[in-house]
Amino acid sequence: MTRSFAQCRNIIVNVEGVLLKSPQQLSGTLGSLPPRRIFKSGAWLKYLAGTCERREAVQTLGKTLGVGSTTVETAVHDYFEQYRIDSDLLSILDRLTAEGKQIFLICPYPHHEWEQIREKHAPVWEHFNPPVLTAESRKDINETMFFTRLLQDLDIQPADSVYVGADTETLQFARAAGITSVHYRRPLDLHRARRDGAAMLKAADTYVLAALEEGFCQTDLVTPPASGAQYGPIDEIWSTLYALYVSETFGRSAAGARIMQELTTLAVDGLWSFMRSYENFPPDVELPVDADDTALALSVLHKYGQADDAQIKRAAERILANTDASGVIRLYFTPDRPRVDSTVCASALYPVYLAGLHQHHSARKTEDFLFALLEGRGYQAGSAYIPSPEFFLYVLFRLAAKFKPFRDRFGAILADRVTERSGLPAAPAALAQRVIMSRSMGRPCEVDYERLLDAQNPDGSWEPSPCWGLPSAEGDGYNRILDTAFAAEAIRLSLALAPEGDQGERSTSVAAAT
């Protein structure tokens with residue numbers, strides 16, 4: 001198991017393939033050849049180990065490849081000129097340095113090549129300890145005793161060190177010397193190793209599960225100071241249901257089962273309201289049954305095998321019959337509240353798809369409404385009831401991950417819209433939703449993931465942000481359990497998609513949201 005950077009003082013980084021990413025092909029006359037034909041050849045490895053001169057290695061390579069020495073020299077020069085450095089990786093290494101870590105660089109280059117690289121990327125090296133040039137020290141990095149001798153020379157212990165490298169053979173030698181190793185392919189691998197993700201996830205799960213043991217988790221209703229209104233915790237079902245839906249760790253827990261059992265008793269003729277009880281709720285305000293909470297309740301019950309097809313179909317038919325004049329699904333099932341909300345519309349389509357009624361006229365009209373919003377970015381300021389644009393995108397993502405017809409229409413543009421928001425400043429819940437969606441769709445999200453990990457509180461939770469709005473009270477709901485549940489699932493998915501030894505990205509929608 002990979003040791004976290006938090007558990008060590010020394011980090012050994014192989015410059016080749018980590019700090020410096022090399023091109024995939026040679027150039028010029030040798031452009032059709034992979035770089036390994038030169039840089040993994042016996043002649044070049046001898047040169048790297050300092051056991052032969054550069055001129056001798058180049059001449060040998062020219063004879064082997066059937067070209068002149070000048071052609072080989074040109075290919076080598078151009079190869080090193082095309083090296084690039086990942087700026088995201090540098091920011092991580094800078095953070096590690098600020099945290100007091102010692103970073104040792106291994107440079108498997110002879111002096112001539114190293115000078116060329118060092119001058120081109122001069123500002124980089126001042127952040128770290130002086131590099132170890134393997135050729136100058138006549139050490140072969142692919143020799144079994146290399147790391148044992150390196151540790152002795154640096155006067156550090158293997159149990160207090162982590163090696164980061166891109167070459168799998170070298171990783172094996174590091175592990176054989178007792179050094180925990182990180183197989184580097186992209187900055188995500190260092191994000192994971194920099195933090196003890198498993199420990200952070202365990203703390204988050206413990207926090208959420210302890211809260212669920214108390215039943216439905218109440219939400220703080222926060223109003224502007226100028227209003228003069230103050231309310232106690234609001235007893236609503238919406239936040240807890242999303243926490244159960246987002247992760248089976250919570251939904252399949254004993255506490256989750258008890259909550260779902262109570263949920264079935266809260267239905268009114270097969271429909272649900274936002275409120276569980278009206279204690280601490282603004283006086284003279286009563287919320288009728290609505291399409292959003294009905295759809296959410298059925299999505300949770302269906303996911304955990306607690307809803308039958310007939311029940312879902314009846315609710316879906318009532319949702320589809322409850323539309324405005326243009327055919328778009330409304331929030332409340334009462335004629336005196338003809339409200340349409342974008343996130344509610346997306347949520348309401350879930351049981352419609354479960355019931356196989358997505359070709360219904362009202363379903364198509366609602367989809368058209370949602371697609372126009374997505375295409376024109378009309379969701380960026382949030383909606384009257386759901387202030388976060390990420391929440392709107394996440395509710396669409398639930399549909400795309402679960403239902404192929406919806407994914408066929410919305411998948412590509414949804415992935416683009418999620419990527420557009422990557423890296424923007426955001427509260428933890430929004431960061432977590434981006435990570436869940438991006439990981440599942442194979443899109444980059446390292447900056448959001450790092451910020452999310454940075455924001456965890458010592459008790460395992462994350463600070464809440466407005467998850468829903470209540471226009472009648474001019475207030476927003478804040479639920480720490482909901483936001484922590486999203487954050488926990490973002491970490492869980494990140495760890496699952498990049499296990500040690502298999503760090504590849506996944507490129508399709510996955511079961512995280514199904």
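User: In this predicted model, are tyrosine 242 and phenylalanine 391 buried or exposed?
Analyst: The model is predicted. Buried means under 20% relative accessible area. Phenylalanine 391 has a relative accessible area of 3%. Both tyrosine 242 and phenylalanine 391 are buried.

User: How many aromatic pairs does the structure hold?
Analyst: Rings pair if their centres lie within 6.5 Å. On that basis, the number of aromatic pairs in the structure is 21.

User: Why is the pair of tyrosine 242 and phenylalanine 391 classed as it is?
Analyst: The ring centres of tyrosine 242 and phenylalanine 391 are 5.0 Å apart. Planes over 60 degrees apart count as edge-to-face. Here the planes stand at 80°, so the pair is edge-to-face.

User: How many residues apart in sequence are the parts that tyrosine 242 and phenylalanine 391 tie together?
Analyst: Tyrosine 242 lies in helix H11, residues 238-246. Phenylalanine 391 lies in helix H18, residues 389-402. The pair therefore ties together parts whose separation in sequence is 149 residues.

User: Which helix holds phenylalanine 486, which pairs with phenylalanine 391?
Analyst: Phenylalanine 391 and phenylalanine 486 pair edge-to-face, 5.7 Å centre to centre, with 85° between the planes. Phenylalanine 486 is buried, with a relative accessible area of 0%. The pair ties together parts 95 residues apart in sequence, because phenylalanine 391 lies in helix H18 and phenylalanine 486 in helix H22.

User: Which ring has the charged end of arginine 337 over it?
Analyst: A charge over a ring has to be within 6 Å of the ring centre. The charged end of arginine 337 is 5.3 Å from such a centre. The ring belongs to tyrosine 332.

Definitions and conventions
Residues are numbered from 1 along each chain as its sequence is written. This is a predicted model: local features need pLDDT of at least 70, side-chain atom pairs count only at pLDDT 80 or more; totals for chains, interfaces and linings use all residues. Side-chain values use heavy atoms; hydrogens and water are left out. Rings of Phe, Tyr and Trp (its six-membered ring) pair if their centres lie within 6.5 Å; planes under 30 degrees apart count as stacked, over 60 as edge-to-face and the rest as tilted. Helices (H or I, at least four residues) and strands (E, at least two) are DSSP runs, numbered from the N terminus. Buried means under 20% relative accessible area, exposed over 50%, partly exposed in between (1.4 Å probe, protein chains only). A charge sits over a ring if NZ of Lys or CZ of Arg is within 6 Å of the ring centre and within 35 degrees of the ring normal.
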